[in-house]
Amino acid sequence: MSAQPELTIQGWGPAGSRVAHVADGGDRLELTADASLKQALPKAARKHLSRELGWTPRHTPPVPVADIALAASRLPEDVRVALVGLLGAENVRDDRESRLRRTGGKSYLDLVRRRSGDASDAPDAVLTPADTEQTAAVLALCSAHGVVVVPFGGGTSVVGGLSGADADDRPVVVVDLGRMSAVKALDVPSSLVTVGPGMRGPALEEALSTDGLTLGHLPQSWEFATLGGYAATRSAGQSSTGVGRFDDLVAGLTLATPVGVLELGSPPASAAGPDLLGLALGSEGSLGVITELRLRVRPTPRTTEYEGWSTRSWAAGLAALQRLARHDLLPDVVRLSDPDETRANLLLSSSAGARALRGALRARRHGEGCLLVLGWEGLPTIVAARKRAASSLLREDGASRLGTRVGEAWRAGRFSAPYLRDQLLDHGLLVETLETAATWSALPTVYDAVRRALRDSLGGRDSRPLVMTHLSHGYATGASLYVTVLADRDDALPLQQWLGAKRAATDALLAAGGTLTHHHAVGADHRPWMEQEVGALGVDVLRAVKDRLDPRGICNPGVLLPG
């Protein structure tokens, strides 16, 4: 048993660092270190945020871990004994640390609750089954005894996907998938790999690299999230414009349910009725637990190039990308920042990349322009031809190339935002994100509606939110919008402050033609709008499937379906 690092309440950890984490029986362990706001933000950024937001920097650290209130486990003794019989005593844990480590996810609401000492949504026990057979047995036993089951991978949900909320207030156990984290088979000729759901992205990439292969799925949570979580939430990675969303990469999976095991997917393709694989993808643990995945992989790109561009305005950038999409010339990675996010990229970082971007924008007299990052992957000759054709169209639309230094700087820091968020939370700021997607024709309206809703709901006499947006995940028919919000936190009512803003923004984006979620999933946070998204009949269909696979409603009942 390896030594366990100190348990902390931070989300990712300090800005400019990486959380140290090791595996110990499937645990996600974290080390964080104190860092001041001066270390997290350059002086110009602190002044800018104070002026723009009406924010007074203040020290608002989380409570010590020892002060977090944790109720006694409610798991009945007879159920605990039965679970020990199935899994062994070492794989049924109800100690304080095991439960706290798997409490909630990484949304702003999750972190605010935990930072205040609230762990009321902690599980009553943590189970670590070894395979599909054990998982199915656990689900059947918990169903028989009325115990709620929440799957747990990397704990990175940002929409309340791990809350374990249950209308009947039944005991809750977490099924930690850490023991199912190995590559089980690799079929190189068919470009297929079979893996356990608890495996993390970096570990899979390392395993595939020895055969010259890659999955290429890189969401911002890549360092911590698991493959099972990607499937359960229909994740999208930063290269999804090129390689596809995670659901495009899943050729098949195994789903353990309280009433049996489903083997889904028949690669390369099948016309044998409706595709039941689609029911499991995005099911968020509400139908059962994903215990195995068969994924499509590809050769590691021989060339990977990132470059920065500048467009003269947000509207010009949208038009240019729409034109690329129409001619099938979108790159593998595309990210267009609006003026507020572009400005923030310049101010919130003292890195060499930010300095390069400032200089490039000044040189091209695009001081109020929008930063566009493009990433290209593949064979050198094909990448060169794609870049040449896309560059020609971009220049016709008035865009200016900033060079590879800007693109590579973005690439180097693309996983850093959550670390900075922890530091800002320590100093009295509200920091949260939301996302949607819309058609090219609807994107401008959705963009304006969301920004207006957030500014109206979070703005006050002495405070103004900073609302930053970027476009990513491009398609022939549209793209995703990702919004980051900074505001002076209401220390008296922080949860209500964000809940009101989130409600206003969600109502606005749906009314304007956006989707409820593009890649964060539904979770608990979006479920009130699920009927508006799929219709009453659609909800009835999903509920009928759940009733068949989970007749006692023990599988993560607090997500997806409206209460």
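Contact, as the word is used here, means that heavy atoms lie within 4.5 Å. In that sense, helix H7 (residues 201–209) lies across S5, strand S6 (192–195) and S10, and runs at about 45 degrees to S5. The model is a predicted one. Its secondary structure amounts to 20 helices and 18 strands.

**The protein as a whole**

- Of the 563 residues in the protein, 58% are buried.
- Among contacts with a separation of 6 or more, 77% are between residues 24 or more positions apart.

**The sheet of five strands**

- Five strands form an open sheet with antiparallel pairing, in the order S5-S6-S10-S8-S9.
- Its edge strands are S5 (183–187) and S9 (260–264), each of which pairs on one side only.
- On average, and with direction ignored, neighbouring strands of this sheet are turned by 10 degrees against each other.
- Five bridges join strand S8 (residues 250–257) to S9 in the antiparallel sense.
- Leu 253 has Leu 264 in S9 as its bridge partner.
- Helix H6 (residues 132–145) lies across S8, S9 and strand S10 (289–296), and its direction makes about 45 degrees with that of S8.

**The sheet of seven strands**

- A further open sheet has seven strands in the order S15-S12-S14-S13-S17-S18-S16, again with antiparallel pairing.
- Strand S15 (400–403) and strand S16 (429–439) are at the edges and have a single partner strand each, so one side of each is left without a neighbour in the sheet.
- From one strand to the next, the twist averages 25 degrees.
- Strand S12 (residues 303–311) pairs with S15 over three bridges, in the antiparallel sense.
- The bridge partner of Gly 308 in S15 is Gly 403.
- Helix H19 (residues 494–512) packs on this sheet, where it touches S16 and strand S18 (478–488), and its direction makes about 10 degrees with that of S16.

**A pair of crossing helices**

- Helix H5 (residues 108–115) and helix H17 (residues 417–425) have axes that come within 12 Å and cross at roughly 45 degrees.
- Because of this angle, H5 is oblique to H17.
- The crossing of H5 and H17 is right-handed.
- Tyr 108, Leu 111 and Arg 115 of H5 make the contact with Arg 421, Asp 422 and Leu 425 of H17.
- Sorted by class, the contact of H5 with H17 has three nonpolar, three charged and no polar residues.

Terms used:
Residues numbered from 1 in each chain as written. Predicted model: local features only at pLDDT ≥ 70, side-chain atom pairs only at ≥ 80, totals over all residues. Heavy atoms only, no water. Axes fitted to C-alpha atoms, helices over the stretch in contact; angles between N-to-C directions. Helix = DSSP H or I, 4+ residues; strand = E, 2+ residues; numbered from the N terminus. Parallel < 35°, antiparallel > 145°, perpendicular 65-115°, else oblique. Left-handed = near helix turned anticlockwise from the far one by under 90°. Nonpolar A, V, L, I, M, F, W, Y, C, P; charged D, E, K, R; others polar. Pairing = 2+ DSSP bridges. Buried < 20%, exposed > 50% of the residue type's maximum accessible area, 1.4 Å probe, protein only.
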